[in-house]
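Here is a short briefing on one structure.

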Amino acid sequence: MALAASTSMQAPVERRPFDWPNALKEAGAVAFVMLGLTVLMVGIEVRDVPGGLALIGRYDDVAFASLFGFMGRIAIALLREQRPKPVVLICTPIALILLFILLSQDTLAFLAGIGLDFGSDFAKTMQAVKLALPFKSLVVMWIVLILIVGFAIGGLRGMAPPRAAPTAADRSADGTHVVRKPLAQRISIFLAPALILFAVAMPVLAMPFGQRWFPFLPTVDLQVMDIAVLVVTYVMLGWGLNIVVGLAGLLDLGYVAFYAVGAYSFALLATHPEVVAWSQAVFGSSFGFWICLPFAGLMAATAGVLLGFPVLRLRGDYLAIVTLGFGEMVRIILLNWYSLTKGPDGLGGIPRPSFFGYPFTASPPEGVTSFHDLFGLEFESIHRVIFLYYIILVMALVTNLFTLRIRKLPVGRAWEALREDEIACRSLGINPTNTKLTAFGIGAMFGGFAGAFFATRQSFISPESFTFIESAVILAIVVLGGMGSQVGVVLAAILLIGMPEIFRDLQQYRMLAFGAAMVLIMLWRPSGLLAHREPTIKLFGRRSARGAEEAA
Amino acid sequence: MQGSFEYFLDQLINGLTLGAIYGLIAIGYTMVYGIIGMINFAHGEIFMIGAFISLISFLLLGLVGVTWVPLAVLLVLVVAMVLTPLYGWALERVAYRPLRGSPRLAALITAIGMSIFLQNYVQLLQGARNKPIQPVIKGGVELIRSKVEGAPDYVVNLSYLQMLIVVLFGFFIVVFTIVITRTALGRQQRACEQDMGMAALLGVNVDRTISLTFVMGAALAAVASIIFLMRYGAIDFFIGFLAGIKAFTAAVLGGIGSIPGAMLGGLLIGLIEAFWSGYFTVEYKDVAAFSILILVLIFRPTGLLGKPDIEKV
């Protein structure tokens, strides 16, 4: 109780003593629930052995989970009663040690990469420690780690000094209310240009020109560029979906359908024998990436309009399930229309983009100059990846610019108005169906562009790549970023797509952490990382449309 | 054979058993939607966890030596209906309750996140491989035996398992309906559904009522999962996704928020799938189900039994 006394010195108000009996009672209840949750699912593993299924016990995990539930509930009670110090003191070291043990191999490799080598003996010891942890299922460890980190952060926040009162500068002219802009807008003004600059400069930083001349990226190579391409692809998809969900307020759970339509249109235009024969007869060559790209977008937009036309009358969640159904339908059709799409075998041999006619190959065919010959460089496969990166970066930025500009056109304003109040729009003479259709079609078009890029990047596509989980991820990026916030989409894409790629050691725990991260971020910031849902234009008030635009 | 009455009867029986599964899961969706207006995307995973709990209980009972089938099924029902709702309860407590009153999409994203989380949780704990189980209930009654020239007789069987499924479905639907319409809990739920704030003012413990809604939905999903396990004999960590989507489709088809609608929608989706697979192509049965959903929604935008949306300014 010495601790409570020391804290009460700072707070003039006499604090109630901590209610131990109640906390213990609740902790007991939680422990009991944990026992129920884990007793069969964690406690017994069903393993297939020759001749049937065998049951293997893991009772220590169950006991541990219950104990952890008990301690965790007490920690929460302490945090609630503003007694964060013991929680922080206990949780932070445990979290750090656990994290280090679980990630030991990766961490040591990373430290060795930047010049701090602990030697292989130490790595082996750590691996042994990891295996000697008292739990047979590492899943439990990861879940525990996530929760302990959560407690530690909660405790640290509890210990932080209370937020400073608004200063005079934050007050309005008459001094009555605070006009400080939301954090999101203050951040994003600086963040957007910085992110674009970084994105443009990134390949230069990552390129190994003989030697590593930018020392702060420890693994500058093909892998980093691949992750970057992936992240920017999702940024573009997020921006495309943001038109539908963020601007027009239509919940679309089947966005991946348009991604698929774009990818398959491109793949079929470029590789289907009849199309190739026809184009060679008429133009003397088969279609390349740049010619097919607009068609892929057009096809996806058409698909969007065709789907949207009958169903956009539906509201909210009815629309959600129909779009979800549409996404599944597209995937099932792709899977079963064997004569066109080759079903589960997928389409291969999709041409890769060339640098304005100069291909990225080590040994180009007769009479064709390849990229590295053109610039007199050594052949490096990273050249192609960097070129792909710039293609998707430009495509994504075009999407962004398009969104920012169209918000100022009547149709963009109509989208936002429709999102805010459909009935008011209708009474003002806006046709809701047509307006929604444009949003749906344009969003689908950008999805189609991204799909075409995906096809050319992978050079092979199959229905496997277009499952519901993709739609969910893209939607999660939009919502986690903060609906309608363009910078937020970038942050969320980096967080959700980039982080799991970096933590390769997690491997099978990646998706577990991914789901947990989705939940935790949402609980932490329910309206998104950079939440602001202000209309682009306001009837009253000085702020012009431009002011709000910069924030986005 | 396709044109005959016997074949039709076969598909009808298949469709009804499948529909019972969908209907039981769909009630969970529709109740949650009715009371807090969110799509509980993780409900399919609750069903999947229920299936694993039932599987483990069946195997445990086999180890212990409980081989008398009625007792085994009863015990598994009890275990699954006690343990699965704990997941439903924990889900609501951890992922949804803190977000009550936040933007609606936030809860949808946590629901999807929980769905991904639970799928991987089970995959990591129990392995990714398909888990087959020996048929628990064998045998049946021969309904019709018709002669086919130059081929074995075409027999329409009604297995004991199918009878049990119908009985289970009917029993739990009746119990559930009584709970909703006749008990204090049911009244509180309906009150919360109509006006949560007012219900709270009148002394209804809203948090508890919502928790119990999740518990009841999960209990029915557990029943569905036992039916699924006994009917199909194999489960893996991914069964929750498709079953969840189908059940959600069923709930929307029947009119989301309407409990009779969920049962009707579930049976309809089951029948559509069975007949489409029986008479057309198996591959496109999901497409057929979704297409019919879209068609119905075009003409009845709030589903078959849903209350029409009154637009207010």
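Of the 552 residues of chain A in this predicted model, 38% count as buried. Chain A has 23 helices and two strands. Among its contacts with a separation of 6 or more, 74% join residues 24 or more positions apart.

**Helix α9(A) against α19(A)**

- Helix α9 (residues 222–247) of chain A packs against helix α19 (residues 432–458) of chain A at an angle of about 170 degrees.
- Their axes are 8 Å apart.
- Angles over 145 degrees count as roughly antiparallel, so α9(A) is roughly antiparallel to α19(A).
- The crossing of α9(A) past α19(A) is left-handed.
- From α9(A), the contact takes Val229(A), Thr233(A), Met236(A), Leu237(A), Trp239(A), Gly240(A), Leu241(A), Ile243(A), Val244(A) and Leu247(A).
- From α19(A), it takes Ala439(A), Phe440(A), Ile442(A), Gly443(A), Phe446(A), Gly447(A), Ala450(A), Phe453(A), Phe454(A) and Arg457(A).
- By class, the residues of this α9(A)–α19(A) contact are 15 nonpolar, four polar and one charged.

**Helix α9(A) against α20(A)**

- The axes of α9(A) and α20(A) come within 8 Å and cross at roughly 70 degrees.
- The range from 65 to 115 degrees counts as roughly perpendicular, so α9(A) and α20(A) are roughly perpendicular to each other.
- On the α9(A) side, the contact residues are Tyr234(A), Leu237(A), Gly238(A), Leu241(A), Asn242(A), Val245(A) and Gly246(A).
- On the α20(A) side, they are Ile474(A), Leu475(A), Ile477(A), Val478(A) and Gly481(A).
- This contact of α9(A) with α20(A) divides into eight nonpolar, four polar and no charged residues.
- Leu237(A) and Leu241(A) of α9(A) meet α20(A) and also take part in the contact with α19(A).

**Chain A against chain B**

- In chain A, 50 residues are in contact with 54 residues of chain B.
- Elements of chain A that give two or more residues to the side touching chain B include the helices α2 (20–41), α12 (289–311), α13 (316–336), α20 (468–481) and α22 (510–524).
- The strands β1 (44–49) and β2 (52–57) of chain A are also among these elements.
- The largest share of this side of chain A comes from α13(A), with twelve residues.
- By class, the side of chain A that touches chain B has 36 nonpolar, seven polar and seven charged residues.
- Helix α20(A) gives residues to the side that touches chain B and also meets α9(A) within chain A.

Methods: Residues numbered from 1 in each chain as written. Chains lettered and ligands numbered in written order. Predicted model: local features only at pLDDT ≥ 70, side-chain atom pairs only at ≥ 80, totals over all residues. Contact = placed C-beta atoms within 7 Å. Helix = DSSP H or I, 4+ residues; strand = E, 2+ residues; numbered from the N terminus. Nonpolar A, V, L, I, M, F, W, Y, C, P; charged D, E, K, R; others polar. Buried ≥ 20, exposed ≤ 12 C-beta atoms within 10 Å, placed from the backbone. Axes fitted to C-alpha atoms, helices over the stretch in contact; angles between N-to-C directions. Parallel < 35°, antiparallel > 145°, perpendicular 65-115°, else oblique. Left-handed = near helix turned anticlockwise from the far one by under 90°.
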